[in-house]
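The notes follow the order in which I checked them.

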Amino acid sequence: MNVMKVSIITPSYNSALYIKNTIASVQAQTLRDWEMIIVDDGSIDNSADIIRDIAINDSRIKLVQKENGGSASARKLALSIAEGEYIQFLDADDQLD
């Protein structure tokens, strides 16, 4: 069976209230071969700390931090390092069913 890796790209700006649920919804998927690249776009809340704490226990989650430049620049940065054959964009306040 050939499993295709998926890169899930999530720009994050001040998403501390939502990001745990967003990450948990990805972790709950039946597909296991994925990476989640979360680009913290200069948040001033504790979003990056929350993401870092979760990523310590799940190597599929990668935190990238940059100065604020907007969600498009965060997505572009994540695309440049994504390793998946398929790309899924997921906002920091959304969840996958």
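Which residue forms a salt bridge with Glu35? I worked on a predicted model, and there Lys62 is the partner, with the closest N and O atoms 3.4 Å apart. Glu35 sits in strand 2 and Lys62 in strand 3, 27 residues apart, so I logged the pair as a link between distant parts of the chain. Glu35 is buried at 1% relative accessibility, while Lys62 is partly exposed at 29%.

I then searched the whole structure and found six salt bridges. Among them is Lys5 with Glu83, at 3.8 Å between the closest N and O atoms. Lys5 lies in the segment before strand 1 and Glu83 in the loop between helix 3 and strand 4, so this pair ties together parts 78 residues apart in sequence. I noted Lys5 as partly exposed, at 24%, and Glu83 as exposed, at 58%.

Arg75 and Asp91 also meet in a salt bridge, at 2.8 Å from N to O. Arg75 is in helix 3 and Asp91 in the segment after strand 4, 16 residues apart. I have Arg75 as partly exposed at 22% and Asp91 likewise as partly exposed at 31%.

Next I looked at Ile8, in strand 1. Ile8 is buried, with a relative accessible area of 4%. Leaving aside neighbours within four places in sequence, I listed its contacts, including Val26, Trp34, Glu35 and Leu90.

Last, I checked the surface. Leu79, Ile87 and Phe89 make a nonpolar patch of about 250 Å². Leu79 is in helix 3 and is partly exposed at 41% relative accessibility.

Methods
Residues numbered from 1 in each chain as written. Predicted model: local features only at pLDDT ≥ 70, side-chain atom pairs only at ≥ 80, totals over all residues. Heavy atoms only, no water. Helix = DSSP H or I, 4+ residues; strand = E, 2+ residues; numbered from the N terminus. Buried < 20%, exposed > 50% of the residue type's maximum accessible area, 1.4 Å probe, protein only. Contact = heavy atoms within 4.5 Å. Patch = residues over 30% accessible without salt bridge, like charges linked within 9 Å, V, L, I, M, F, W, Y side chains within 5 Å. Areas by Shrake-Rupley, 256 points an atom, 1.4 Å probe, with all protein chains shown as cover. Salt bridge = Lys/Arg side-chain N within 4 Å of Asp/Glu carboxyl O.
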